[in-house]
Amino acid sequence: MTPRFVVSGTDTGIGKTMLAAALTDALGGYYWKPVQSGLDEKTDSETVSRLGRIPRERIVPEAYRLITPASPHLSARIDGVVIDPARLVPPVTDGALVIEGAGGLLVPLSEGVVFADIFALWQIPVILCARTSLGTINHTLLSLEALRHRAIPVFGVAFIGDENRETQRIITKLGGTRSLGRLPLLQPVIADTLRDAFRENFDLACFTETFA
């Protein structure tokens, strides 16, 4: 079975795109961002291609490319677009697939649909990215509850930031999940340092053995 993962987070700006780039690189897989809001700067697909050294043919085009950098429901409204959940179908690939959401789990795509509703339909294991800084315990445990409330499979938590052993321990204990590893803050963030950091802090086997 080919590995497939959804990379989501407890908030925006967590570091989902860096984690997605590193994981796609490590798996030699494909990357898909279903909905991109904001086209003025580099898109997440472009960032993943650069940081993960992912060839363009393994970057699946977005289902929606929205101009305004805002919540997808608002960006779509400004653009005069209605996001149709039926168009958000994970592509069939001949290798591993990494899908990146936008913002947190409950970011709205429309007046009545949030990303977590789409993830519930897909039933693809979710990697939840969480900060290690103050406030992350509450946000992460609430996100795990939201996932389980919708019966979405949780693959584990990927921590991003400086090491905080007690925070990481209590989240995995109370959240009933596992820590997949911790991606440190990188300066600068370039392809080589990201690849090395992922290899040093994550066990690639845990992302593949489940699907063997």
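## Val35 and the largest core

In this predicted model, Val35 is in contact, leaving aside its neighbours within four places in sequence, with Tyr64, Leu66, Pro72, Ile83, Leu88, Ala102, Leu109 and Phe115. Val35 is also among the residues with the most contacts inside the largest nonpolar core, a set of 35 residues in which Ile83, Leu88, Phe119 and Trp122 are likewise listed for their contacts.

At least two residues of this core come from each of several elements, including strand S2 (30-32), strand S6 (97-104), helix H4 (115-122) and helix H5 (136-149). The most is given by H4, which supplies five residues.

Leu27 is placed in helix H1 (residues 16-27), and because its relative accessible area is 17%, under the 20% limit, Leu27 counts as buried. Leaving aside neighbours within four places in sequence, Leu27 is in contact with Phe5, Ala96, Val98, Leu204, Phe207 and Thr208. The C-alpha atom of Leu27 is separated by 15 Å from that of Thr17, ten residues apart along the chain.

## The pairing of H5 and H6

The axes of H5 and helix H6 (residues 165-175) come within 10 Å and cross at roughly 25°, an angle that makes the two helices roughly parallel. The crossing of H5 past H6 is right-handed.

On the H5 side, Thr136, Ile137, Thr140, Leu141, Leu144 and Arg148 meet Thr167, Ile170, Ile171, Leu174 and Gly175 of H6. The residues of this contact divide into six nonpolar, four polar and one charged.

How values were computed: Residues are numbered from 1 along each chain as its sequence is written. This is a predicted model: local features need pLDDT of at least 70, side-chain atom pairs count only at pLDDT 80 or more; totals for chains, interfaces and linings use all residues. Side-chain values use heavy atoms; hydrogens and water are left out. A nonpolar core is a set of buried Ala, Val, Leu, Ile, Met, Phe, Trp, Tyr and Cys residues joined through side-chain atoms within 4.5 Å. Buried means under 20% relative accessible area, exposed over 50%, partly exposed in between (1.4 Å probe, protein chains only). Helices (H or I, at least four residues) and strands (E, at least two) are DSSP runs, numbered from the N terminus. Contact means heavy atoms within 4.5 Å. Axes are lines fitted to C-alpha atoms, for helices over the stretch in contact, and angles run from 0 to 180 degrees between N-to-C directions. Angles under 35 degrees count as roughly parallel, over 145 as roughly antiparallel, 65 to 115 as roughly perpendicular and the rest as oblique. A crossing is left-handed if the near helix is turned anticlockwise from the far one by less than a right angle, and right-handed if clockwise. Ala, Val, Leu, Ile, Met, Phe, Trp, Tyr, Cys and Pro count as nonpolar, Asp, Glu, Lys and Arg as charged, and the others, Gly among them, as polar.
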